[in-house]
Amino acid sequence: MATDSPLLLAAVTLLSAFQMGYLARRVGWSRMAHKILPPVVSGPPEFERTFRAHQNCVEFYPLFLVSLWTCGMFFSEVLAAATGLVYMAARQLYFNGYTQSTKKRLPGFYLTLAALLTLSVLAVVGITRGLLDKYFYTPI
Amino acid sequence: MATDSPLLLAAVTLLSAFQMGYLARRVGWSRMAHKILPPVVSGPPEFERTFRAHQNCVEFYPLFLVSLWTCGMFFSEVLAAATGLVYMAARQLYFNGYTQSTKKRLPGFYLTLAALLTLSVLAVVGITRGLLDKYFYTPI
Amino acid sequence: MATDSPLLLAAVTLLSAFQMGYLARRVGWSRMAHKILPPVVSGPPEFERTFRAHQNCVEFYPLFLVSLWTCGMFFSEVLAAATGLVYMAARQLYFNGYTQSTKKRLPGFYLTLAALLTLSVLAVVGITRGLLDKYFYTPI
């Protein structure tokens, strides 16, 4: 594995969890602003966009964690942590854009996908290299 | 890292996964009781509260796992595992309360936040200490 | 722990993340086919089934990851990875079935549960054995 004590990955992961907590809070504030009491999840378009923005972040969060850690453990911790920060910035851009209009969610969303793709392609490289080394290594 | 073979963390994590499975089952039972066939997710208030209670648990579950493991690996495994059990009890309180009334979800929810905050603050301490040690350590 | 460098677990995990990305894409395609713009999540039955199929996969994904890794780290990596592949096939069966009719989701769903149960029971065995070894071991 690329690292023994993955402090950078842990730090980025914890930061991203704080971000997720903050985004959940934003939904709560939107509930208050529009007086929409749980368990109701429908209301004015602005609330529904905020709610869906958060849902989309929730849906993608495990995919982010998986690609962050497989990239960081089997390819490069520093590169994974840096790309993880890009993903977080992209998610914020996405969320802020989406709360304004459905269309404005797109730039952040595409950047999100680019970060996820980077992490997962590097993870594939690292894991493939590791599998070849471990199971198909032939010393000359 | 604080631990080599994180058996306590793994045990609490697995228990929490069983709890999540049980809560999903509760939604299924509520579907049956109110004859609400998937994919419908709206119905009488009691069903909608049960459904949303579960959704909220799902949304927070990755944040719980992240703070449990970062706290356990970089601060203290025993403390993290114990706080993890508190979180599970809080979630159960929240879920049971929410199925009764929207207001009764609050005590469990606040306890949930307290457990999450404890885990994540200790994780921040542990990770910061680790980062200082690893990247800024100057032997005298 | 059963393994030092869990490459097989990492490989299956990354594959499952790709699958989740693909299923999210299927919801996007269904949106386009039925001209349902976000943040709307209701529409013709076929779209709603596709949407709920994905949601259910999202809800169970952390439970899958937890049982895959606890089984793989504390019982057997190869067995966990193989059962993980079964889970992925079951999820695909579930998703494809659900998009066709509510009833056709069931075979895949039951297979999903069987895979999860296998993983988590083996994880319980492995973790219990580990805990007994670590905390209650008495050398003769």
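Let me start with the polar side of the interface between chain A and chain B: three residue pairs are in polar contact there, both residues of each pair at pLDDT 80 or more. Salt bridges between chain A and chain B number zero. Keep in mind that this is a predicted model.

Next, what does each chain put into this contact? Chain A brings 26 residues and chain B brings 23 residues. For chain A and chain B the buried area is about 1,900 Å², and carbon and sulfur atoms give 77% of it. On chain A's side, A:L7, A:L14 and A:P39 supply 32% of the area buried against chain B, more than any other three residues.

Now the helices. On the side of chain A that touches chain B, α1 (7-33) and α2 (45-74) of chain A each supply at least two residues. The one that gives the most is α1(A), with 11 residues. Sorted by class, that side of chain A has 17 nonpolar residues, six polar and three charged.

On to the interface of chain C and chain A. Here the contact takes 25 residues from chain C and 23 residues from chain A. The buried area is about 1,900 Å², with 77% on carbon and sulfur atoms. The residues of chain C that lose the most area to chain A are C:L7, C:L14 and C:P39, together 32% of what that side buries. The salt-bridge count between chain C and chain A is zero, and three residue pairs are in polar contact, both at pLDDT 80 or more. From α1(C) come 11 residues, the largest share of the side of chain C that touches chain A. By class, that side has 16 nonpolar, six polar and three charged residues.

How are the copies arranged? Chain C is superposed on chain A by a rotation of 120 degrees with 0.0 Å of shift along the axis, at an RMSD of 0.0 Å. That is the relation of a three-fold axis. Within chain C, the C-alpha of C:P62 is the nearest to the axis, 4.2 Å from it. The copies use different surfaces, as 4% of the contact residues of chain C recur in chain A.

Last, confidence. Chain A has a mean pLDDT of 95, and 96% of its residues reach 70 or more. Among the helices of chain A, α3 (residues 77-100) is highest at 98 and α4 (residues 106-135) is lowest at a mean of 96. For the complex, the predictor gives an ipTM of 0.94 and a pTM of 0.95.

Definitions and conventions:
Residues numbered from 1 in each chain as written. Chains lettered and ligands numbered in written order. Predicted model: local features only at pLDDT ≥ 70, side-chain atom pairs only at ≥ 80, totals over all residues. Heavy atoms only, no water. Contact = heavy atoms within 4.5 Å. Buried area = accessible area lost by both parts, 1.4 Å probe. Salt bridge = Lys/Arg side-chain N within 4 Å of Asp/Glu carboxyl O. Polar contact = N/O pair within 3.5 Å; in protein donor to acceptor, adjacent residues only side chain to side chain. Helix = DSSP H or I, 4+ residues; strand = E, 2+ residues; numbered from the N terminus. Nonpolar A, V, L, I, M, F, W, Y, C, P; charged D, E, K, R; others polar. Least-squares fit on C-alpha atoms with pLDDT ≥ 70 in both. pLDDT = per-residue confidence, 0-100.
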